[in-house]
Amino acid sequence: MRALIIDDEDLARAVVREHLAAHPEVEVVGECANGFEALKAVAQHQPDLIFLDIQMPKLDGFEVLELLEAEGKRPAVVFVTAYDQHALRAFEAHAVDYLLKPFSKERFDAALAKAHALQAAKPTVPPPPATELAAAARQGKPLERIVVKDGPKVTVIHLDRLDWVQAQDDYVLLRTEGRNLLKQQTLASLETQLDPSRFIRIHRSYILNLDRLVRVEQDSKEHRDAILRDGTRLPVSRAGYQRLRELWEGA
Amino acid sequence: MHPLLASRARLGAYLLGWVPIALLLTGIARSQGWSWAEAGILALPLCLLAAFLFLSAWFLCRALPLGRRVETLGSHGAAWGLAAVLMGGIWAGLAWLLARALAWIPGLGGLPRRVDIALPVLTGLGILLYLASVALSYLMLAQDRAVEAERRGAELQLLAQESELKALRAQLNPHFLFNSLNSLSALTAVDPARAREMCVLLSDFLRRSLGLGERRLVALREELDLARAYLAIEQIRFGARLKLDWRIDPAAEPALLPTLLLQPLVENAIKHGIAALPEGGTLVVAAETMEGHVTLRVENPADLEAPTPQGLGLGLRQVRQRLLGRFGNRARFEAGVQNGIHRVTLVFPLETEP
């Protein structure tokens with residue numbers, strides 16, 4: 001079994017390495033100090049198992065996993081984290097294992113045994129998507145940023161830089177700082193993760209960052225347009241207009 | 001106890017307020033053809049009597065507090081009117097008695113007759129003066145209530161500050177604690193001597209932070225010691241990613257400041273400046289003195305890809321609030337990013353333990 005250790009702290013990686021030394025059947029193929037290194041290392045070494053820290057600079061553990069999923073490479077994962085344990089309790093329902101720092105040898109061995117069993121069983125049920133795990137760990141707090149694989153490059157979009165989102169079949173088109181980025185996700189699933197007081201579904205195919213809206217214009221009896229700060233016009237459906245009005249009246 | 005009787009200064013001011021009324025009374029009597037002797041000898045004792053008699057209005061007013069509702073005005077008004085007529089009558093009666101008591105003095109034989117004629121005027125005046133006393137009493141009661149409210153407000157504020165401090169003390173960052181213990185767990189195998197060193201550092205930090213929370217004000221020296229203990233631990237965790245630069249003017253060390261003001265700044269610098277950057281950077285803690293003021297500065301490299309924060313986070317907001325709460329407009333708080341460096345600056349007066 002090939003394993004990769006991903007943590008931004010040297011000593012934290014050292015603990016995992018030390019525990020793995022007692023398991024000669026596991027080969028450590030690499031260590032990574034951040035998410036970008038991890039993406040490269042997974043592509044290079046094709047590990048069966050990754051030990052993944054959650055809080056890391058630039059890309060967090062969930063984002064790393066999400067990007068690996070998007071490439072169709074998803075090794076077995078053991079999260080290793082000092083994260084709040086209440087936040088991770090939801091993971092148990094998803095059959096995803098995690099180690100809370102600091103952890104015992106017994107706990108580590110159990111997590112490894114579980115990973116082995118999972119590998120041997122070749123489960124038919126796909127593992128839960130990383131976005132779902134991240135949402136569970138956020139405990140109801142809305143998303144703050146979105147990661148997109150843009151060719152070989154990874155872009156992190158902070159949500160106050162996201163203007164609007166358009167549905168395109170199984171993809172969403174994200175408009176940010178004058179660029180269009182495509183991400184494989186449905187508009188409906190993205191909508192559930194966004195802060196409903198900042199992002200409004202103004203149309204079947206559009207979600208708008210409310211901060212960009214200047215006014216709504218009525219063209220004809222049944223047709224309205226949202227006018228944005230940069231002059232862009234986006235269609236507003238009747239239901240979308242209703243949602244906007246509720247927000248205005250509630251404010 | 002009546003508030004005017006409780007303090008000699010207040011009573012003096014009150015009685016002084018009666019002097020013009022006594023003069024007015026004398027003037028009125030003179031205009032009715034009374035002699036100076038007749039007017040003076042009656043007006044002075046009458047005013048003195050009234051001064052004490054009408055103090056009773058305060059007890060009435062206290063029993064009948066002015067509500068917000070207009071309906072109470074009817075019943076209250078009836079009570080005031082009744083009391084005023086009663087007191088006016090008593091006062092006029094006293095004048096009648098006084099005139100007869102003074103009539104034996106040579107030259108004042110006509111006093112009883114003059115007073116008999118003036119009785120309706122005296123009664124009316126008594127009523128007016130009593131009503132004025134009612135108004136004055138309500139003013140005093142309102143003022144007392146305002147003072148009381150202010151005192152209770154200050155007390156509540158003090159309580160809130162104390163509980164906030166308690167919360168701060170309890171707010172020991174769990175993420176820091178567990179990550180440190182994890183580092184410790186790693187060190188026990190690879191470097192037992194450093195593991196022991198880290199145990200000591202961690203204990204030192206915990207002991208200091210628990211001890212500091214007991215006090216409201218603390219010397220900068222102690223805040224710096226706490227930050228040093230904390231950063232020594234983070235140094236082990238982050239290794240080469242964390243570089244420390246201390247620029248401390250020893251003259252600033254005895255300066256007093258609210259407890260646990262520096263710690264949130266240093267924790268913020270680690271969280272957003274070092275932990276958020278793969279390559280880490282230099283954390284600067286600087287304290288300078290100039291013209292009777294201390295300038296305390298914490299700097300860290302900013303993550304330029306992260307969005308500029310809208311306003312201050314909770315931690316910085318609390319620091320600013322507590323700094324300004326202690327020093328008011330004699331202190332200054334600044335925070336912002338410039339040339340890729342996030343900088344928080346506190347300026348406050350250099351005050352030391354007496």
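# Reading a two-chain predicted model

Visitor: What does chain A contain in helices and strands?
Guide: Chain A has 8 helices and 15 strands. Both are DSSP runs, numbered from the N terminus: helices are H or I over at least four residues, strands are E over at least two. This is a predicted model, where local features need pLDDT of at least 70, side-chain atom pairs count only at pLDDT 80 or more, and totals for chains, interfaces and linings use all residues. Residues are numbered from 1 along each chain as its sequence is written, while chains are lettered from A and ligands numbered from 1 in the order in which they are written.

Visitor: How many residues of chain A count as buried?
Guide: Start with the cut-off. A residue is buried with 20 or more other C-beta atoms within 10 Å of its own, exposed with 12 or fewer, and partly exposed in between; C-beta atoms are placed from the backbone. In chain A, 35% of the 251 residues count as buried.

Visitor: Which residues have the most contacts inside the largest nonpolar core?
Guide: In soluble globular proteins, nonpolar side chains tend to be buried together. A nonpolar core is a set of buried Ala, Val, Leu, Ile, Met, Phe, Trp, Tyr and Cys residues joined through C-beta atoms within 7 Å. The largest one here has 106 residues. Those with the most contacts inside it are A:Ile6, A:Phe51, A:Leu52, A:Val64, A:Ile202, A:Leu208 and B:Val266. Helix 9 of chain B (residues 220-238) gives this core its largest share, 8 residues. A second, separate core has 29 residues, including B:Trp58 and B:Val115.

Visitor: What is A:Ile6 in contact with?
Guide: Two residues are in contact if their C-beta atoms, placed from the backbone, lie within 7 Å. Leave aside neighbours within four places in sequence. A:Ile6 then touches A:Cys32, A:Ala38, A:Ile50, A:Phe51, A:Leu52, A:Asp53 and A:Val64 by that criterion. Now take chain A and its contacts between residues at least 6 apart in sequence: 55% join residues at least 24 apart.

Visitor: What is the strand order in the open sheet of chain A?
Guide: Two strands pair if DSSP finds at least two bridges between them. This open sheet has 5 strands in the order 2-1-3-4-5, with parallel pairing. Strand 2 (27-32) and strand 5 (97-100) stand at the edges, each with a single partner strand, so one side of each is left without a neighbour in the sheet. The twist averages 20° from one strand to the next. Angles run from 0 to 180 degrees between N-to-C directions; axes are lines fitted to C-alpha atoms, for helices over the stretch in contact.

Strand 4 (residues 76-81) pairs with strand 5 over 4 bridges. There, A:Thr81 has A:Leu100 as its bridge partner. Helix 1 of chain A (residues 10-20) lies across strands 1, 2, 3 and 4, at about 160° to strand 1.

Visitor: Where is A:Pro102 found?
Guide: A:Pro102 is in the loop between strand 5 and helix 5 (105-121) of chain A. A cis peptide bond joins A:Lys101 to A:Pro102, with omega about -10°.

Visitor: How many residues lie between strand 6 and strand 7 of chain B?
Guide: The two form a hairpin with 2 residues between them. Strand 6 (residues 332-338) and strand 7 (residues 341-349) pair in the antiparallel sense over 7 bridges. B:Gly336 stands opposite B:Arg343. In the turn, B:Asn339 has a positive phi of about 50°.

Visitor: Is B:Asn339 buried or exposed?
Guide: B:Asn339 is exposed, with 6 other C-beta atoms within 10 Å. B:Glu291 also has a positive phi of about 50° although it is not a glycine. B:Glu291 is in the loop between strand 4 (281-290) and strand 5 (293-301) of chain B. With 6 C-beta neighbours inside 10 Å, B:Glu291 counts as exposed.
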